[in-house]
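Biologist: Please put the model on screen. Then we can go through its helices, surface and charged pairs.

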Amino acid sequence: MSVITVPVSDVQQAIIQEMVTSGRAATKAHAVRIAIDLLAREEALETLRRGQAEIRAGKTLQGDLDELAKHIA
């Protein structure tokens, strides 16, 4: 596991400390790992939402992948 040092604002520090104090995170590092995991999940969900919106809008390609690749390049 790597260690990184990241400056945080007073508000962010208070949020991290509250997570530890409330027991939602075991340590400050654990709180930051939880936040990173949540961000990654949210970004994945947003990617899915955009894809669904494109499908609903008819902006998807269908057909033979080799033929589609010719049109994308």
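Modeller: This is a predicted model, where local features need pLDDT of at least 70, side-chain atom pairs count only at pLDDT 80 or more, and totals for chains, interfaces and linings use all residues. Residues are numbered from 1 along each chain as its sequence is written, and side-chain values use heavy atoms, with hydrogens and water left out.

Biologist: Which residue just after α1 takes a positive phi?

Modeller: Helices here are DSSP runs (H or I, at least four residues), numbered from the N terminus. α1 covers 10-22. Just after α1, a positive phi of about 90° is taken by Gly23.

Biologist: How far apart are the end C-alpha atoms of α1?

Modeller: The expected span of a helix is 1.5 Å times one less than its number of residues. For the 13 residues of α1 that gives 18 Å. The model agrees, with its end C-alpha atoms apart by 18 Å.

Biologist: Is Val6 buried or exposed?

Modeller: Val6 sits in the segment before α1. Buried means under 20% relative accessible area, exposed over 50%, partly exposed in between (1.4 Å probe, protein chains only). At 53%, Val6 is therefore exposed.

Biologist: How much accessible area do Ile4, Val6 and Val8 have together?

Modeller: These three form a nonpolar patch on the surface. Patches take residues with over 30% relative accessible area and no salt bridge; like charges are joined within 9 Å, nonpolar side chains (Val, Leu, Ile, Met, Phe, Trp, Tyr) within 5 Å. Areas come from the Shrake-Rupley method with a 1.4 Å probe, and for residues only the protein chains shown count as cover. Together, Ile4, Val6 and Val8 have about 290 Å².

Biologist: How many salt bridges does the count come to?

Modeller: The rule asks for a side-chain nitrogen of Lys or Arg within 4 Å of a carboxyl oxygen of Asp or Glu. By this rule the count comes to 4.

Biologist: Which residue forms a salt bridge with Arg49 at 3.2 Å?

Modeller: Glu46 pairs with Arg49 too, but with closest N and O atoms 3.4 Å apart. The 3.2 Å bridge of Arg49 is with Glu42.

Biologist: Why are Arg50 and Glu46 separated by about one helical turn?

Modeller: An α-helix has 3.6 residues a turn, so residues three or four places apart point the same way. Arg50 and Glu46 are about one turn apart because their spacing in helix α2 is 4 residues.

Terms used:
Helix = DSSP H or I, 4+ residues; strand = E, 2+ residues; numbered from the N terminus.
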